[in-house]
Amino acid sequence: RPKLSLQQLNELSPVEFHRTFENVIECWPEGAIFCSALLPFKSFTTMIAAFQSYIDRLPAETKLKILRLHPDLAGKLLDTNELTKDSSFEHASVGLDDLSPDDKNKLTELNACYKSKFGFPFVVCVREASKFEVILRSVSERIHNTVEQELETAIDEVKKICRLRILQLVDNL
Ligand SMILES: NC(=O)N[C@H]1NC(=O)NC1=O
């Protein structure tokens, strides 16, 4: 699918906009539905800011719900080929789909510890972390945070993922 220019973006109907950006927040089309009402946008930066401030203003319960819609990194959904296209691309971009059994076990164990402490999966913007070692270090460190800190940190990561997914769809030149 060719990348959208700002003009093409602003000519989308609200429904087309919603379909195009439905997964920039993982499995949460409500964000794109909300932001479709804000068309037209002055710039891609403005549009990204609109999604991010939509996320920021959600009640904590909804933020939790969104975090829980994220797949475990290198987890079951990867193994069964059921990741969303976006997530699958992100996994592949840092080799999470091709870990050694040892690395995969390490991450799986830390993910399970993290989830049992916080009640939601470990979420990080893998394309920004960019390397398995960084992801592993990040989960090892963040596991010591409080639930309040982690809710905030994890939501910041959702915002980074959202930004990169938007930039993947638009012609940001
Ligand atoms: N659990 C988790 O962080 N999932 C995500 N992170 C990312 O960059 N893509 C995802 O699907």
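In which hand of crossing does α8 pass α10? In this predicted model, the crossing of α8 past α10 is left-handed. The two helices, α8 at residues 101-118 and α10 at residues 132-142, pack with their axes 10 Å apart and at an angle of about 30°. Angles under 35 degrees count as roughly parallel, so α8 is roughly parallel to α10.

The residues that make this contact come from both helices. On the α8 side they are D103, K106, L107, L110, N111 and Y114, and on the α10 side F132, L136, V139 and S140. Sorted by class, the contact of α8 with α10 contains six nonpolar residues, two polar ones and two charged ones.

The ligand is the next feature to look at. There are 14 residues around the ligand, and those that come nearest are H70, S87, E90, V123 and V126. Two helices, α7 (85-93) and α9 (126-129), each contribute at least two residues to the shell around the ligand. By class, the shell around the ligand has nine nonpolar, two polar and three charged residues.

An unreviewed UniProt entry annotates residues 10-166 as "domain: Oxo-4-hydroxy-4-carboxy-5-ureidoimidazoline decarboxylase". In the model, the span 10-166 is 66% helix and 0% strand.

Terms used: Residues are numbered from 1 along each chain as its sequence is written. This is a predicted model: local features need pLDDT of at least 70, side-chain atom pairs count only at pLDDT 80 or more; totals for chains, interfaces and linings use all residues. A residue is near a molecule or strand if its C-beta atom, placed from the backbone, lies within 6 Å of it. Helices (H or I, at least four residues) and strands (E, at least two) are DSSP runs, numbered from the N terminus. Ala, Val, Leu, Ile, Met, Phe, Trp, Tyr, Cys and Pro count as nonpolar, Asp, Glu, Lys and Arg as charged, and the others, Gly among them, as polar. UniProt positions are given in the numbering used here, feature names are shortened, and annotations may be inferred rather than shown by experiment. Axes are lines fitted to C-alpha atoms, for helices over the stretch in contact, and angles run from 0 to 180 degrees between N-to-C directions. Angles under 35 degrees count as roughly parallel, over 145 as roughly antiparallel, 65 to 115 as roughly perpendicular and the rest as oblique. A crossing is left-handed if the near helix is turned anticlockwise from the far one by less than a right angle, and right-handed if clockwise. Two residues are in contact if their C-beta atoms, placed from the backbone, lie within 7 Å.
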